[in-house]
Amino acid sequence: MVKSISEIAQLWERILSHIQAKLSDRHIYDSFFSGSYIYRIDGDAMLIVVNSGLAANLLSTRYLDLINESVSEVTQSTFKLKFVQENDIPTINEKPVEEKSSFFSNSYVNPKYTFDNFVVGPSNLEASQAALMIASNPGKMFNPLFIYSQSGLGKTHLLHAIGNYIREHAPVLKILYITTDDFVDEFIRYVHGDKESETLKDFFKGIDVLLVDDIQFLADKTKTEEMFFHIFNALVNSDKQIVLTSDRHPSELKGLESRLVSRFGSGLAINISQPDLNTSQEILKKKIEANGLDLNRFDPEVIRFFAEKFSSNIRELEGALNRLLFYIINIKETSKITMDVALESVQSLINVSDAKTKLSETKVINTVADYYNLTPAQLIGRSRTSQIAMARHISMYLIRSLLDVPFQKIGQSFGGKDHSTVINAIEKVEKQLKSNSDFSLAVNELKKRLKN
Ligand code: ADP
Ligand code: MG
């Protein structure tokens with residue numbers, strides 16, 4: 001195998017000498033091959049830099065056979081050759097490498113969500129036990145584990161907790177956490193590319209533990225579903241662990257093929273219900289401590305008030321706590337957090353600061369919607385067509401970069417998406433900004449409009 005830079009340079013020298021021997025016209029050789037070099041070898045792709053656009057054109061057409069022949073004589077194998085001018089390297093450099101070599105490059109197991117910081121109560125006891133059992137025996141118990149609940153009750157947290165646990169206890173296993181959105185996006189991008197679907201399947205063959213969040217979003221996407229079905233079967237048949245989450249029981253998933261639904265239900269399906277008051281209070285206490293605050297500063301009544309008011313959705317409970325923390329740090333410094341302070345925080349922040357950010361968030365959403373001929377409702381709604389999704393991602397990116405709004409809060413403005421969805425969306429935009437000049441023109445234009 002060719003490895004070092006100097007080895008690659010020598011390789012090209014040898015190929016050139018073969019080419020030179022075959023070319024009858026010395027001028028052609030001098031003119032078009034001088035200064036050429038191999039920029040990169042990536043698998044069977046060889047990228048060669050030449051001295052002009054004309055040379056790139058000529059070598060990839062008229063002289064391609066001759067060069068191919070020389071390459072295979074020297075290397076004893078075949079390569080897909082690509083010729084570029086030096087100026088064109090950056091664009092060529094970024095796109096194909098990322099698209100071809102790594103799927104789901106933005107996905108990761110979030111170290112923030114662990115079993116340690118997951119508060120267990122009657123509402124989630126079974127789910128957390130099943131998750132822990134799976135994590136300690138991946139592929140050996142029930143497959144898939146299917147966790148379902150309403151939004152904000154800890155499904156995503158448990159998926160990451162499984163991932164983190166396995167990473168710690170069985171580091172050789174390859175874990176992939178993805179949202180169903182990620183899967184759909186990756187599949188569509190992939191189908192639009194010119195590769196056979198075999199490679200995406202191959203990619204999954206290397207995965208030992210597959211964690212897929214919010215599988216209900218696979219509904220009504222026949223082609224994507226079919227691909228998922230094959231991947232699912234291949235993994236289960238080779239005893240790889242799959243964990244799925246959803247907002248409902250498998251039998252209630254609409255718009256999914258029955259063969260898929262029956263697979264989903266063939267392992268173990270477990271529900272998380274709304275936490276009781278005690279569990280909500282424990283969760284709140286844990287979050288307060290995680291924020292580095294002394295619990296003793298909080299009047300127990302405050303904890304109880306918040307837990308009672310927001311028990312149907314832990315994400316909202318956290319949101320309320322964040323508002324309170326913001327208030328006592330930025331607006332009213334106080335050593336004791338009493339009921340009065342808590343109520344003030346809720347009131348004042350809803351009325352003043354929230355109104356202020358709301359205004360600007362609304363402005364971003366209206367401006368982006370207007371630019372793409374969409375309604376604001378479409379932007380913050382659930383539609384997943386790629387055009388709307390892209391506009392939505394741009395809105396999230398602008399809200400974050402111009403207003404510095406926390407990810408979680410952005411998620412709330414877009415119909416209760418969780419913060420990792422927002423982070424993913426923003427990363428997608430950042431990636432596009434680097435590689436797609438039309439895209440960055442559009443984003444710049446939007447920024448300009450927002451400054452007026
Ligand atoms: P879902 O995926 O069900 O919508 P998440 O897993 O995103 O919900 O949970 C929302 C928030 O609530 C997260 O920040 C999560 O850490 C927190 N949360 C939910 N349940 C618990 C729990 N039992 N203990 C600690 N935090 C929790
Ligand atoms: Mg979730």
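Modeller: D214 lies in the loop between β6 (209-213) and α10 (222-237). Helices (H or I, at least four residues) and strands (E, at least two) are DSSP runs, numbered from the N terminus. This is a predicted model, where local features need pLDDT of at least 70, side-chain atom pairs count only at pLDDT 80 or more, and totals for chains, interfaces and linings use all residues. Residues are numbered from 1 along each chain as its sequence is written, and side-chain values use heavy atoms, with hydrogens and water left out.

Now the backbone of D214. Its phi is near 60 degrees, a positive value in a residue other than glycine. Most residues other than glycine have a negative phi, and most peptide bonds are trans.

Q76 also has a phi near 60 degrees, positive though the residue is not glycine. Q76 sits in the loop between α4 (64-75) and β3 (80-85). Q76 is exposed, at 67% relative accessible area (exposed means over 50%, buried under 20%, partly exposed in between, with a 1.4 Å probe and protein chains only).

Next, a peptide bond. From N143 to P144 it is cis, with omega near 0 degrees. P144 belongs to the loop between α6 (125-136) and β4 (145-148).

Last, the helix pair. Helices α13 (residues 300-309) and α14 (residues 314-331) pack at about 140 degrees, their axes 9 Å apart. Axes are lines fitted to C-alpha atoms over the stretch in contact, and angles run from 0 to 180 degrees between N-to-C directions. In contact (heavy atoms within 4.5 Å) are V302, F306 and A307 of α13 with L317, A320, L321 and L324 of α14.

How values were computed:
Chains lettered and ligands numbered in written order.
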